[in-house]
Amino acid sequence: MTLTAPAPPRPRPLVRRRTPVTTREDRLAALGCAVSALLLTWFVMHLLLTSPGWFADLVVAYPLYLGMLYLVTRDRLGRLAAADRLVSTVVATGALGLLIPLLLLLGYIVVAGAPHLTWGFFTHDMSTVAVTDPVEKTGGLHAIVGTLEQTGLALVLVVPLGLLTAIFLNETRSRFRRPVRVLVDAMSGLPSIVAGLFVYAAIIIPGTNAGVGFFSYSGFMATLALTMVMLPTVTRTVDVVLRLVPAGLREASLALGASRARTVWSVVLPTARTGVTTAVILGIARVAGETAPLLFTSFGAITLNADPFSQPQESIPLFVYRYIKQPLENVQQRGYVGALVLILLIFTLFALARLVGRDRSRRKARTPRENK
């Protein structure tokens with residue numbers, strides 16, 4: 001009788017599945033890696049060594065967690081899934097690291113400003129409010145009107161210029177495209193205070209010395225500075241969006257006999273409508289909270305001035321800057337109320353921009369009764 005050696009065990013086959021898919025076992029493995037990394041960090045940093053603080057523990061624990069997660073996932077699912085899980089974890093951690101400070105900031109402003117926000121803030125200015133008055137008597141009508149007018153005028157100037165510049169960079173073959181693109185990229189890094197100083201030095205000072213009232217401190221001068229800041233953002237965003245429009249749409253329109261201008265107006269721009277709306281939103285976000293250029297252009301005021309073309313004009317960023325730097329707590333709280341209103345105003349403008357630029361090509365399917 002001959003004895004045969006048992007066959008060696010076959011290696012466990014790897015489970016092949018789509019890398020973005022996560023299962024309960026994946027989440028348990030990630031949790032186990034996190035607990036193991038924390039325990040190992042505590043053992044090394046607190047028992048073997050003397051930890052200088054929680055940040056040092058985090059610096060040690062996070063690489064340990066990533067390494068454990070990669071090794072465990074590679075053993076279970078293979079190298080490709082392990083690399084995907086590692087990169088996804090790093091990206092999610094970075095997004096969380098940016099989101100947490102933002103939520104903390106928003107929460108702090110809401111907690112500090114919401115208890116003192118009343119309807120009177122939207123109905124009167126600060127001309128009749130004394131320093132010793134309660135925070136609830138704060139008036140911000142003049143700041144809200146100034147912000148809306150300055151931002152609206154900036155959009156009126158920027159949106160056509162940004163669209164035309166982006167169309168010039170994408171839809172033409174001019175030899176001036178490269179210099180224009182370089183200029184737009186250079187203006188993207190322009191500090192906002194430089195824009196305000198430029199308007200102040202090039203327009204306001206000469207106009208004031210010449211006695212021309214139109215070129216003195218006003219909301220329109222602030223609009224010019226905000227336009228210089230907003231224009232590169234809108235242009236670059238629309239430029240990227242127009243590049244994403246399939247070339248086949250342009251070729252089909254030209255093959256049907258449409259001119260290039262008609263193709264851009266009737267095919268390219270409607271296709272990129274959502275992206276153009278995003279560009280407008282980014283432009284609003286870029287300038288709605290700017291304070292530095294307004295210090296040299298609109299100058300600010302405590303009374304309502306609905307005419308942006310004459311006399312100094314207030315805005316919400318200037319309102320916040322004016323009161324938040326004061327030593328009195330009662331006055332500082334007025335700045336927190338203005339910051340809360342500024343956030344609400346920006347969210348409202350974002351919602352309106354999304355509503356105007358929504359995709360109207362998708363229509364609700366008609367029911368058989370409607371078809372009859």
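Helices here are DSSP runs of H or I with at least four residues, numbered from the N terminus. The model is predicted.

View 1. The protein has 14 helices and zero strands. Along the sequence the pattern reads α-α-α-α-α-α-α-α-α-α-α-α-α-α. Of the 372 residues, 35% are buried. The accessible surface is about 22500 Å². Carbon and sulfur atoms account for 69% of that surface. Among contacts with a separation of 6 or more, 69% join residues 24 or more positions apart.

**View 2. Spans annotated as transmembrane.** The unreviewed UniProt entry carries the annotation "transmembrane region" for residues 28-48, 54-73, 85-111, 151-170, 182-205, 217-242 and 336-356. Residues 28-48 are 100% helix and 0% strand. Their end C-alpha atoms are 29 Å apart. Residues 85-111 are also 100% helix and 0% strand. Here the end C-alpha atoms lie 37 Å apart.

**View 3. A nonpolar surface patch that includes Leu40.** The patch is formed by Leu40, Trp42, Phe43, Leu47, Leu48 and Leu49. Leu40 sits in helix H1, which covers residues 24-48. Its relative accessibility is 36%, so Leu40 counts as partly exposed. The partly exposed class lies between under 20% for buried and over 50% for exposed.

**View 4. The aromatic pair Phe121 and Phe319.** The structure holds 13 aromatic pairs. In one of them, the ring centres of Phe121 and Phe319 are 5.7 Å apart. Their planes meet at 90°, so the pair is edge-to-face. Phe121 lies in the loop between helix H3 (79-113) and helix H4 (141-171). Phe319 belongs to helix H12 (residues 316-324). The pair therefore ties together parts that are 198 residues apart in sequence. Phe121 and Phe319 are both buried.

View 5. Which residues do ring pairs link into a cluster? They are Trp119, Phe121, Phe122, Phe319 and Tyr323.

**View 6. Thr291 in its loop.** Thr291 is found between helix H10 (273-287) and helix H11 (292-295), in the loop. Is Thr291 buried or exposed? Thr291 is buried, because its relative accessible area is 17% and the limit for buried is under 20%. Leaving aside residues up to four places away in sequence, Thr291 touches Pro317, Leu318 and Tyr321.

Technical notes: Residues numbered from 1 in each chain as written. Predicted model: local features only at pLDDT ≥ 70, side-chain atom pairs only at ≥ 80, totals over all residues. Heavy atoms only, no water. Patch = residues over 30% accessible without salt bridge, like charges linked within 9 Å, V, L, I, M, F, W, Y side chains within 5 Å. Areas by Shrake-Rupley, 256 points an atom, 1.4 Å probe, with all protein chains shown as cover. Salt bridge = Lys/Arg side-chain N within 4 Å of Asp/Glu carboxyl O. Helix = DSSP H or I, 4+ residues; strand = E, 2+ residues; numbered from the N terminus. Buried < 20%, exposed > 50% of the residue type's maximum accessible area, 1.4 Å probe, protein only. Phe/Tyr/Trp six-rings, centres within 6.5 Å; stacked < 30°, edge-to-face > 60°. UniProt positions renumbered as here; feature names shortened; annotations may be inferred. Contact = heavy atoms within 4.5 Å.
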